[in-house]
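Please view the sequence and structure below before reading on.

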Amino acid sequence: MSFRKDINGLRAIAVIAVVLYHFNPIWLPGGFAGVDVFFVISGFLMTGIVFRGLENNRFSIVTFYVARANRIIPALAFLCLTLLVLGWFTFSAYDYAQLAKHVLSSVTFVSNMVYWGESGYFDAASHEKWLLHTWSLSAEWQFYMLYPIFLALFSRFVSLPTLKILVLIATVLGFLFCVVASYTSPLASYFLLPTRAWEMLIGGVAYLYPMSLKANHKRWFEVIGILMIVASYFSLSQYDAWPGYLALIPVLGAFLVVQANSNTSFLTGNVVFQHLGSWSYSIYLWHWPLVVVPMYFSVTSYWPLIGIPLSVLLGCLSYRFIESIRFSSLSHWASVYRSPPLYMVLGMALCSYLVVYSEGAMTRFSEADQLKARSALVAVDDWTYPMHGDLKVGESDIRFIEGSTDKNILFIGSSHIEHLYPYVASLDSEYNVYFLTMGGCFVAESFKNPKWSCSNVQGYKSLMEQVEFEKVVTSLYNINGYLSGDAEIATRQLKQRVREYDQFLAYVKTKVKQVVVLLGEPKGDEFDPKKSLRRDLAGFISVEQARSNYRVHYEALQSLQNLEGVMVIDPIDYLCTDVCKVMNKDYEYYYSDSNHLRPWYAIASLDFLDPVLTR
């Protein structure tokens, strides 16, 4: 295949979007779709390599794998090495261990699976992960590993024209599966190959079924395709189910540009796009660590104006001095040991394993800092609320704790109700306790979490019509969550939620003997084990600061009309003395993040709930 300047320009269009989106999503809210454009390009090129080899009876899987390794691994390994070296001098033990874990998953091309198990791509915590962007490289590598095997295997039993049809069928079925999975399993759908394969396969379809177009038709195909891609960058956002049916917009746009094959077009063939396209892989590699920098270090608010040019510069240098190195191609499995990228992977894997094994090179720090670091390593994953309910009442998903009588009590709310679970479970209560919860939610019907449904907590009436409760324990937490960025709209939204919460209180008071409203526990970066270590934050906050963090909650409480007879509990009154401490004298952190209690601390400190659970 001759060099395709249009495809190189398409790479530039993709990487520009991804970089701009990551540095500031407001600039290009759908810029993440640039990755989907990359997938189409990869599928087109890989299908061409495999089918040309099959047509000539000269296809070698070993040669294919080694060529992919030579292309991808050197620049990735150098990035990982750079981060490990810098991390030795600047990272806390926790952050260094996490980096090493992610280096290991990146160079072994399973990082998409690791990140799937950790958090969502758009979650705030993801911006603390230096190699998050390698999930796409892992998905592509997995495609590279499996795709040629399937094609070579099926080519033994069917003709090449039939094989082309099978690729087309697989593309359609893969898309349909992706649409369903994006709604039923959105996190897995984002990261994993089965829901991404169709995007690469449609690139294969573009290669297998090229269109013979006249010059003016080529121009229209290219223009329409680019417009579809650019439109997706501006019209999509992180709140769309992705990759669902909306992914067709940038994917089909890329498909049309590839089909246009306009190798003399100024749109994709201009000198700027050609350079950016050539550097695109390295730019993609280096830009994300620069996006993460502000999460770890005090940098200027104008960082994007520095980070974006620096991404391009580092990408250019990486392309010139790393990517451009040419390694020998191999054709036999017996010769794989001569492949330099193999030793790069083994070297990085060994280094990262040693860092993980040494708990982030813990011996770099003082004894006190080591105690804090070990506590942080345990604390961030210290969460024991059951993932799935053990009781289903109608449509309500319940975590149920059996008591010694037939009396029932309902705990309803967000994750700030969930972290009470260990304490309640530790008691020998007379009550059967029902936990009706959903993280990141609020009982007011107008409250919408943009990432998942809050119907479990907002459908409380259905549960209360079927089960007779004596008490209800609820929370004001999240009343001001996910408000509009427009101050005027946010004010209206908050007032609406206060009215609806008032209606909620009025309703439950007619159903139960006692209603308890919990305010928020002390919170802040000081309580977050990761940020505490990273920034060497104070081991406490003042009571005044703790209360000021809940100013909106206190104001909402004063606006409620149905508080008469309601017990209001402010945890700050019980969890703080003259200050609110973040750890005990043994350097054990009380929280798993900035605002959620660890189970052992909940059991040790929530005895202010005893009157509710024992009367």
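**A buried threonine and its surroundings**

The side chains of Thr 437 and Tyr 385 are joined by a polar contact of 2.7 Å. The model in which this contact occurs is a predicted one.

**Thr 437**

- Thr 437 belongs to strand β4, which covers residues 432-437.
- A second polar contact, of 2.9 Å, links the side chain of Thr 437 to that of Glu 418.
- Leaving aside residues up to four places away in sequence, Thr 437 touches Tyr 385, Phe 411, Gly 413, Ser 414, Ile 417, Glu 418, Asn 456 and Val 457.
- Thr 437 counts as buried because its relative accessibility is 1%, and the cut-off for buried is under 20%.

**Helices α2 and α11**

- Helix α2 (residues 34-55) and helix α11 (residues 248-260) have axes that come within 8 Å and cross at roughly 40 degrees.
- At that angle, α2 is oblique to α11.
- The crossing of α2 past α11 is right-handed.
- On the α2 side, the contact is made by Asp 36, Val 37, Val 40 and Phe 44, and on the α11 side by Pro 250, Val 251, Ala 254, Phe 255 and Val 258.
- Of the residues in this contact between α2 and α11, eight are nonpolar, one is charged and none is polar.

**Helices α3 and α6**

- Helix α3 (residues 61-90) packs with helix α6 (residues 134-154) at an angle of about 175 degrees, and their axes are 11 Å apart.
- The two helices, α3 and α6, are therefore roughly antiparallel to each other, since angles over 145 degrees are classed in this way.
- Residues of α3 in the contact include Ile 61, Phe 64 and Arg 68, while those of α6 include Thr 134, Trp 141 and Ala 152.
- The residues of the contact of α3 with α6 comprise 13 nonpolar, one polar and one charged.

**Backbone features in loops**

- Trp 242 and Pro 243 are joined by a cis peptide bond, with omega about -5 degrees.
- Pro 243 is located in the loop between α10 (215-235) and α11.
- Phe 109, a residue other than glycine, has a positive phi near 60 degrees.
- The loop between α4 (93-107) and α5 (111-118) contains Phe 109, which counts as buried at 4% relative accessibility.
- Asn 478 is not a glycine, yet its phi is positive at about 80 degrees.
- Asn 478 sits in the loop between β5 (471-475) and α21 (487-509), and Asn 478 is buried with a relative accessible area of 15%.

How values were computed:
Residues are numbered from 1 along each chain as its sequence is written. This is a predicted model: local features need pLDDT of at least 70, side-chain atom pairs count only at pLDDT 80 or more; totals for chains, interfaces and linings use all residues. Side-chain values use heavy atoms; hydrogens and water are left out. Axes are lines fitted to C-alpha atoms, for helices over the stretch in contact, and angles run from 0 to 180 degrees between N-to-C directions. Helices (H or I, at least four residues) and strands (E, at least two) are DSSP runs, numbered from the N terminus. Angles under 35 degrees count as roughly parallel, over 145 as roughly antiparallel, 65 to 115 as roughly perpendicular and the rest as oblique. A crossing is left-handed if the near helix is turned anticlockwise from the far one by less than a right angle, and right-handed if clockwise. Contact means heavy atoms within 4.5 Å. Ala, Val, Leu, Ile, Met, Phe, Trp, Tyr, Cys and Pro count as nonpolar, Asp, Glu, Lys and Arg as charged, and the others, Gly among them, as polar. Buried means under 20% relative accessible area, exposed over 50%, partly exposed in between (1.4 Å probe, protein chains only). A polar contact is a pair of N or O atoms within 3.5 Å; within protein, one must be able to donate a hydrogen and the other to accept it, and residues adjacent in sequence count only if both atoms are side-chain atoms.
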